[in-house]
Structure formats: C-alpha cells, structure tokens
Amino acid sequence: MTFGRASLLLMLPCIGLLIGLVTGISSLVGQAMTGEEGSSLTYLREFVERPELIRIFFYTHQIAAITTVICVAIAYPLAAFMARRPRLIYLILILMPLMVSIVVRTYGWIVILGPRGLINTALMDIGLIERPLRLMFNTGGVVLGLVHVFIPFAVLSILAVYVKIETSLSEAAAALGARPGQVFTRVVLPLSIPGVMTAATIVYLLSLGAIVTPLLLGGQRQTMLGTMIYNQMLVFFNYPAAAASALVLTISAAIAVIPFQLVDRWATRKMPGHRS
Amino acid sequence: MKLGTALLTGLAMAIFIFIMAPIMIVVLASFTPRGYLEFPPQGVSLRWYAEVLASPIWLRAFGTSVALAFISATVTTFVCFLAALVTTRRKVPGQSLFELLVQMPLLLPHAALAMAMFSLVLLIGLRGTFPGLVVAHLIIVLPFVYRPIVNGLRQHDISVEEAAMTLGADPATTFRKITLPMIRPALISAFLFSFIVSFDEVTVSVFLIGVDLTTLPVKILSDIQNSASPAIAAVSTMLMCLTLAMVYVINRLVGIRMFVENRA
C-alpha cells in the first residue's frame with residue numbers, strides 16, 4: 001500500500017487529541033500565572049517565600065528519592081531471579097498488582113497498618129501493647145505504600161534489559177574464565193544500568209506526582225505536592241494556587257530526572273560495540 | 001553459587017509475598033460479618049457483598065467506569081491505529097514532536113497531568129460531566145495504545161502486503177486479509193491495556209467528577225476517607241476477580257509475554 005500526502009489526514013483524530021493535551025497544559029500555565037489581581041506571579045512566588053511550601057517541596061523530593069532507592073534495590077534481585085527462571089506465574093504475580101487500581105492496593109495497607117488492622121490486632125491479642133500503635137499517617141507508611149504500588153514498574157523496566165544480557169554474555173564471560181562474582185560485577189551489572197536508570201526515572205516521576213497513596217497513608221505532616229494540589233483544588237477551591245503547584249511540580253520533576261538520564265547515557269556509551 | 005541461588009530464590013519469594021500480601025488480606029477481610037473492618041475477620045459472611053450488589057450508588061459507579069473505559073479504549077485504539085499506519089510507513093513532518101506529545105501523559109507527574117486535564121475540561125465547559133471524563137481519559141491512555149500498535153506494525157513484514165498486491169489483491173482486500181490479521185494481537189493488547197488503565201484511573205478522575213457522577217475507583221477513594229465500612233473490601237475483592245479474569249483473557253488472546261513487552 002502506498003501512503004501519499006493525503007494519508008497524513010489519517011493522523012488528524014490523534015492530532016486533535018494532542019491539541020487537547022497542549023491546550024490543557026497551556027491553560028494550566030496561564031492559570032498558574034494568575035494572581036488575585038489579574039496576571040501576576042503571586043502563587044509561584046510563594047514557593048520561594050513561604051517556608052511551609054519550601055518544606056513541602058523538599059519533603060516531596062525526599063520521599064520520591066527514598067522510594068526510588070528502595071524500589072530499585074528490591075526490584076533488581078527480583079528481576080535477576082525472573083530473568084533466570086522465566087515462568088509465567090512470576091510474570092502474572094508482577095502484572096496482576098499493576099492491573100489492580102492504586103486505591104485498592106493502598107487500601108490493603110490500611111487493613112494491615114490501621115488502628116484495627118492486622119498488626120495492631122495481633123500485637124494487642126498477644127498482649128504486647130495495650131493501645132493501637134500509630135503505624136500509618138507517618139513518613140514510613142507513605143514510603144511503604146509508594147514502594148509497594150510502584151515496584152512492578154521497576155521490576156518490568158529492569159527485567160526488559162536483563163533478559164537481553166543474562167544468558168549469552170554471562171556464559172561467554174564464564175567460559176573465558178570469569179568467576180561468578182566477576183561475571184556479575186564486570187558484565188551483568190554494567191550492562192543492566194540502563195534498565196536501572198529507566199526504573200529509577202519512572203519510580204521517581206510516579207512518586208513525585210502521587211496523590212492517592214500519600215493522601216491515604218500520610219497524615220497532616222506528610223503533605224506532598226500531590227496531596228497539596230488535591231487540597232488546594234478540592235478543599236480550598238483555589239485553582240490558580242493548585243495550577244502554580246502543578247507547574248512547580250512539573251519543572252522540578254524535569255530537572256530531577258536529568259541525573260538518571262546522564263548516567264544512562266554514560267553507561268550506554270561505555271558499552272562495547274556502541275556506535276556513537 | 002548454590003548458596004547464592006538459594007538466597008536469591010528466598011529473596012524473590014519474600015518480595016512476591018510483600019507484593020501480594022496487602023491484596024490477599026483485603027480479600028480475606030471482605031468476609032467479615034461485623035460492621036467495621038477487622039483482621040482477621042471473626043467469622044465468615046457474604047453480608048458486604050450483598051450490600052454492595054444491592055447498592056445503586058456502587059452499581060452506577062461501576063457502570064460509569066465500564067462505559068468510560070470501553071469508550072476510551074475503543075476510540076483510542078482506532079485513532080492510534082490510523083496514526084500509526086502513517087507514522088510507520090512514511091516520513092511525517094514533525095514526527096518526533098508528535099511522538100513526544102503522545103508520550104507526554106506518561107512523562108508528566110500524575111498530579112500535574114490531572115491539573116492539565118482539569119484545565120482542558122473546564123475550558124471546554126465539560127466539568128463534572130461524563131463527556132468531560134471521556135475527553136480526559138482519551139488523552140491519558142494515548143501512550144499505552146500508540147506504543148504497542150507501532151511495535152506491532154514495525155514487526156510485521158510489509159513485503160507480505162506487496163506480495164498480495166502483486167498477486168492481484170486490491171488495497172482494500174490486502175488491508176482486510178493481510179494487514180489486519182497480522183496486526184490483530186497488537187490491537188487487542190492495546191485495547192485491553194488502555195481499558196485497564198482507564199478503568200483503574202483515579203488521580204485525574206477525582207478532579208473531574210460531578211454531583212451525580214463518579215467512577216468506581218473515585219468512589220472507593222472517597223469511601224476509604226469517610227468510612228471504615230467493609231463494603232470497600234468487598235468491592236476491591238470483586239475488582240480483583242475481574243482483574244484475574246482479564247489476565248486470563250489476555251493470556252489466551254495475545255499471551256502475557258507479548259503484553260509485558262509492549263507496555264515497556
């Protein structure tokens with residue numbers, strides 16, 4: 001089949017949707033620059049002037065960073081395991097949580113950590129504690145929830161790279177006399193860095209923009225940018241303030257993932273046979 | 001090395017348990033006969049399932065979510081198929097910008113994407129309406145649909161089409177008998193994945209719901225915040241059964257492996 005100039009018309013419906021997306025983003029940026037008296041930078045300026053906003057900003061990035069490190073640290077050995085034993089059941093175990101809504105998965109942690117949850121009931125039953133412990137509504141609860149919700153993404157990203165390197169190259173290295181430890185540190189690990197960086201980028205971005213998990217597992221002092229936007233919109237009905245927060249969130253996210261991309265590029269460049 | 005393998009296996013099993021535990025515990029907790037959530041449940045009852053299935057609010061939220069996911073998946077699969085046919089077969093001016101924009105909903109932090117979608121829906125005057133939700137979901141699921149279809153089209157060999165044409169098939173017949181059957185697994189995969197993404201979506205939808213309009217995940221979210229009713233556990237369990245059924249269907253139709261490869 002030939003695709004002449006007229007075939008470009010087939011793209012129009014898709015382009016229409018993209019125009020919608022661009023319109024939404026532009027309108028958001030416009031709102032973010034609206035202040036109480038017409039156009040101004042009132043709400044954006046608050047991010048450098050109000051200490052509590054600065055605190056929330058750094059807290060959000062801190063949570064995202066912790067979540068990313070833990071996620072990658074857990075996902076890496078799991079991906080290595082799955083690459084070595086490619087069984088359907090393992091894939092399903094990773095994929096199924098991805099298909100269950102974040103709300104439901106976060107709710108599971110409330111059932112476990114809540115005042116009448118699994119852990120508190122068990123501890124009270126055996127008489128270790130008299131009153132329920134405060135296991136959620138704290139930073140630990142938020143990080144635990146985020147790690148749990150985003151770990152399948154990290155596993156799949158690392159696995160995608162791992163299955164390509166595991167067998168042939170590590171066998172070659174072993175045949176050439178490398179000890180198992182050396183095969184890992186000199187061959188498998190360097191080659192898997194791009195997958196790790198993809199995983200880190202995805203998890204960092206997802207954690208940064210999360211609303212549901214910090215909303216349900218965090219308390220008043222665990223406000224992240226996402227939950228702040230939620231409150232600004234649905235509690236205080238302050239659309240321009242929420243738009244400004246969303247803009248700050250997006251720009252800082254774009255800057256924050258640059259290191260991951262740089263490491264990725266560096267690792268790829270060092271690979272044998274890389275054409276640059 | 002034996003010890004290393006055993007350690008790795010043990011670690012992997014522990015992580016699988018960590019991933020599955022909260023999901024399984026919700027299922028068990030849903031059978032409680034009591035009026036509040038407790039674990040382990042004292043006794044077994046289907047009381048909360050009956051309550052949910054008899055509740056018009058839950059049923060309506062479920063209906064809204066199914067309709068929303070079905071429309072979003074169908075429309076975007078069709079729209080992206082048309083676009084991908086062109087982008088995989090000829091040079092398109094501004095193609096890299098086009099593909100960057102298609103990926104945009106994945107690259108933006110979710111809370112910011114939600115705000116952008118709210119701004120769009122507000123601008124076109126559809127806030128709090130079902131069409132407003134549809135517009136937002138059509139855009140959100142784009143990257144999940146476009147990628148598998150492009151991958152599918154790239155994998156298939158265009159020379160088979162050319163052979164068909166050389167042997168006398170007209171373009172319409174070639175499309176129907178050669179292109180479509182070859183691309184079908186990718187289309188099904190794209191449709192199912194976008195259906196799930198739309199059905200589960202909550203962060204964007206929560207800003208777009210209206211007075212009498214809510215989706216199932218948003219309804220669950222607000223119920224978690226406002227009550228400790230075990231009905232939430234029952235709804236969640238039913239959703240998980242649906243998900244399992246979906247996994248089964250996907251595996252039968254296109255295979256889980258292809259599904260996983262396509263989403264990355």
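This is a predicted model: local features need pLDDT of at least 70, side-chain atom pairs count only at pLDDT 80 or more; totals for chains, interfaces and linings use all residues.

Q: What share of chain B is buried?

A: Of the 264 residues in chain B, 54% are buried.

Q: Which residues touch the most other members in the largest nonpolar core?

A: That core has 187 residues. Those touching the most other members include A:Leu78, A:Tyr107, B:Met115 and B:Ile220.

Q: What does B:Met115 touch, apart from residues up to four places away in sequence?

A: B:Met115 touches residues of chain A, among them A:Leu28, A:Ile229, A:Met233 and A:Tyr239.

Q: Changing topic: is A:His61 buried or exposed?

A: A:His61 is buried, because its relative accessible area is 13%, and the cut-off for buried is under 20%. A:His61 lies in helix α3 of chain A, residues 51-84. Leaving aside neighbours within four places in sequence, A:His61 is in contact with A:Tyr204, A:Leu208, A:Ser252 and A:Ala256.

Q: Where does UniProt place the feature "transmembrane region" in chain A?

A: The unreviewed UniProt entry places it at residues 56-76, 88-110, 142-163, 184-217 and 237-263 of chain A.

Q: How much of residues 142-163 is helix?

A: Residues 142-163 of chain A are 100% helix, with end C-alpha atoms 32 Å apart. Residues 237-263 of chain A are 89% helix, with end C-alpha atoms 41 Å apart.

Methods: Residues are numbered from 1 along each chain as its sequence is written. Chains are lettered from A and ligands numbered from 1 in the order in which they are written. Side-chain values use heavy atoms; hydrogens and water are left out. A nonpolar core is a set of buried Ala, Val, Leu, Ile, Met, Phe, Trp, Tyr and Cys residues joined through side-chain atoms within 4.5 Å. Buried means under 20% relative accessible area, exposed over 50%, partly exposed in between (1.4 Å probe, protein chains only). Contact means heavy atoms within 4.5 Å. Helices (H or I, at least four residues) and strands (E, at least two) are DSSP runs, numbered from the N terminus. UniProt positions are given in the numbering used here, feature names are shortened, and annotations may be inferred rather than shown by experiment.
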